[in-house]
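Visitor: Could you take one part of this model and go through it closely, and then connect it with what can be said about other parts of the chain?

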Amino acid sequence: MCGIVGYIGDSNVEKVLMQGLDSLKYRGYDSAGVALYDNGNIKVFKAVGKLENLQNKLSALSDDEKRASMGIGHIRWATHGSATEVNAHPHLSMDGNIAIVHNGIIENYKELKSELEAKGYVFKSQTDTEVVAYLIGDEYKKVGDLKVAVQHIIPRLKGAYALCIMCKDEGDKIVVVRKNAPLVIGIGNGENIVASDIPAIISTTSNIVYLNDDEVAVVKKDSVEIEDLNGNKMPLNIQKMSIEMDAISKMGYKHYMLKEIYEQPNIVRNLLCGRITNVNAPISLDEVKISRDALKQLSRVQIIACGTSLHAGQIGRYLIEDLVGVATEVEPASEYIYRKNTTDKNSLVIAISQSGETADTITAVRQAKEKGAYIIVITNRPDSNITRYADSILNVNAGIEVSVAATKSYTAQLLTLYLFAIYFAEVKGVSLDRLPSIKEELVSIPVKMEEVLSSDADIEKKAETLSKYQNFVYIGRGVNLPTAMEGALKLKEISYINANAYPAGELKHGPIALLDENMPVVSVLIPGHISYDKTISNCEEARARGAKLITITSSDDKELEKLFDVIIRIPVVSDMLSPLLAVIPFQLLAYHISNFLGKDVDQPRNLAKSVTVE
Ligand code: F6R
């Protein structure tokens with residue numbers, strides 16, 4: 001759908017407008033345009049199709065031709081009139097004195113148009129917006145004041161609108177008004193910006209003002225004043241943009257899922273911040289409220305979760321057993337609640353839930369609590385229902401996850417489990433010789449994640465060739481069996497392709513019967529562990545049955561090219577920390593395959609973000 005941006009200030013106006021439009025293009029559009037005000041002149045540039053077409057036009061101009069002290073921009077999704085340059089915004093009044101961009105629909109534009117035509121006005125476009133430009137232009141001739149002209153015209157418009165208006169004769173202001181269409185004003189320092197959505201504002205300022213219906217704002221470089229349609233002054237209610245607002249915008253990505261995949265390095269960075277200050281010093285995890293003595297005495301851990309959170313828990317088991325040596329079980333919450341389990345007051349129950357609203361996990365935690373277990377909840381929503389039963393809450397702080405397919409919350413859960421396992425080992429006084437190098441490597445993970453993301457274009461190409469298959473087998477061993485399971489789940493849920501994950505060693509015990517040239521086998525190969533050679537052997541067995549082989553590996557061994565059809569390389573990483581990196585290519589593969597197949601990536605059929613029924 002349409003997006004609008006307006007800017008007044010000393011930054012490069014054309015750049016601010018184009019960046020703003022770029023951040024709004026996820027809404028969908030078919031043409032774009034900007035109007036630049038410079039010293040009594042308004043210059044309009046438009047292009048049909050992608051924003052790049054407009055950018056190319058602007059890039060061909062000299063700095064002088066693009067110079068501007070303010071401007072307005074628009075991406076249009078055609079409603080009245082087809083996607084042509086003439087119909088694209090901004091539109092000018094007939095005398096060229098007024099320029100406007102508009103989101104929404106003016107329902108009575110035909111009557112207003114006829115009225116103007118009767119007065120001798122001739123229209124160039126088929127749009128409802130040009131009618132508004134002409135009306136304001138007509139009124140301006142009478143009143144000689146842009147704000148007043150807008151206040152006089154607005155009561156004549158029926159429908160929905162967010163309008164940004166400039167006037168050749170009033171080069172110090174943009175006038176904006178809205179009704180039933182979003183418009184936000186960003187208050188900067190010596191600059192101000194307006195837009196139809198937060199993403200276009202974020203890079204200029206975090207101070208925002210929401211305009212109410214039928215309020216008219218006069219936005220100058222150093223001031224913003226709001227009036228109602230009768231000229232009464234209205235308060236300027238400046239709010240700080242919250243992280244949530246930032247999180248719920250697509251920030252220019254095509255889908256929330258892609259944006260959330262790309263957020264992972266920074267989420268991990270934030271989670272590590274203040275936890276590991278010196279690799280030789282104990283980790284700081286004050287949120288764990290259980291006393292050190294009680295933690296030392298614990299003889300068992302039970303991890304309970306569903307779906308993707310369950311996969312994080314399976315890796316958690318591996319970490320706790322390897323680093324702490326305490327027996328750990330992992331179970332889907334939906335199984336735990338219907339079985340006679342042995343949870344007691346010596347049990348530590350770790351419940352993992354992104355939403356904190358998953359009914360099965362909440363019931364499981366309530367039952368465990370009734371049996372006297374100590375409860376740690378790992379969640380992305382510390383204010384959610386599940387935390388009512390928690391003795392300790394570990395907030396994974398991933399920001400709101402909008403896409404139904406969990407990505408960033410998974411890596412944030414994993415990181416939290418790594419931190420907890422290290423903390424637990426330190427309290428127990430075990431594995432102490434191994435911990436400094438693990439901590440050192442943990443700190444390097446965000447940069448390595450960024451390296452993985454930098455190969456996205458290559459993964460996208462590979463995904464295109466893989467998108468023709470209907471069935472996949474995923475295999476992994478040890479700490480990366482859950483990674484393979486998570487990769488298969490991602491593919492299933494957003495592309496509806498059948499993907500099943502198996503322990504690599506189990507392939508020969510049955511699933512191998514499925515293999516032929518139509519059943520690709522996707523593996524995870526991390527050198528430095530016995531499982532590496534064994535997994536290669538399993539892949540060779542699959543190759544002998546004609547299966548196409550794909551691997552995600554941190555090995556740079558050229559020999560692998562002889563065996564595998566598709567290799568996705570990730571940076572060198574220890575087996576223990578590899579799940580944090582290996583999952584990213586799986587997420588990207590699933591994302592791109594779903595996108596190639598034209599599926600609804602963020603809202604897959606039959607799925608909901610919080611499953612509040614058992
Ligand atoms: C998969 C996915 C689901 C959830 C599961 C548990 O991408 O999102 O499998 O992981 O429904 O949800 P939470 O973690 O909110 O309890």
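Guide: Glutamine 354 lies in the loop between strand E18 (347–353) and helix H13 (359–370), where helices (H or I, at least four residues) and strands (E, at least two) are DSSP runs numbered from the N terminus. The model is a predicted one, in which local features need pLDDT of at least 70 and side-chain atom pairs count only at pLDDT 80 or more, while totals for chains, interfaces and linings use all residues. Residues are numbered from 1 along each chain as its sequence is written, and side-chain values use heavy atoms, with hydrogens and water left out.

Glutamine 354 counts as buried because its relative accessibility is 11%; buried means under 20% relative accessible area, exposed over 50%, and partly exposed in between, with a 1.4 Å probe and protein chains only. Its side chain is joined to that of asparagine 380 by a polar contact of 3.1 Å. A polar contact is a pair of N or O atoms within 3.5 Å; within protein, one must be able to donate a hydrogen and the other to accept it, and residues adjacent in sequence count only if both atoms are side-chain atoms. The backbone of glutamine 354 takes part as well, with an N or O atom 2.7 Å from an oxygen atom of the ligand. Taken alone, the ligand exposes 410 Å², and the protein buries 89% of that, the accessible areas coming from the Shrake-Rupley method with a 1.4 Å probe and, for residues, with only the protein chains shown counting as cover. Helix H11 (307–323) and helix H17 (481–495) are the elements that give two or more residues to the shell around the ligand, and H11, with three residues, gives the largest share.

The ligand is surrounded by 13 residues, of which the closest are Ser309, Ser353, Ser355, Thr358 and Glu493; a residue is near a molecule if one of its heavy atoms lies within 4 Å of it. The shell divides into four nonpolar, seven polar and two charged residues, where Ala, Val, Leu, Ile, Met, Phe, Trp, Tyr, Cys and Pro count as nonpolar, Asp, Glu, Lys and Arg as charged, and the others, Gly among them, as polar. An N or O atom in the side chain of serine 309 is 2.6 Å from an oxygen atom of the ligand, and a backbone N or O atom of alanine 406 lies 2.9 Å from a ligand oxygen.

Elsewhere in the chain, helix H6 (residues 146–153) has six of its eight residues buried, so H6 is largely enclosed by the rest of the structure. The buried residues are Leu146, Lys147, Ala149, Val150, Gln151 and Ile153, and their cover includes helix H5 (128–143), strand E6 (98–106) and strand E7 (159–167). Aspartate 145 caps the N-terminal end of H6, with a side-chain oxygen 3.0 Å from the backbone nitrogen of lysine 147. The side chain of lysine 147 is itself joined to that of glutamate 227 by a polar contact of 3.0 Å. When neighbours within four places in sequence are left aside, lysine 147 is in contact (heavy atoms within 4.5 Å) with Val175, Val216, Val218 and Glu227.

Helix H1 (residues 13–24) is also mostly covered, nine of its 12 residues being buried; among them are Val13, Glu14, Val16 and Leu17. At the start of H1, a side-chain oxygen of asparagine 12 reaches to within 3.2 Å of the backbone nitrogen of glutamate 14.

Most residues other than glycine have a negative phi, and most peptide bonds are trans. The peptide bond from histidine 89 to proline 90, however, is cis, with omega near -5°. Asparagine 39 has a positive phi, near 50°, and at 68% relative accessibility asparagine 39 counts as exposed. Tyrosine 496, in the loop between H17 and strand E22 (498–503), has a phi near 65°, again a positive value, and is partly exposed, with a relative accessible area of 27%.
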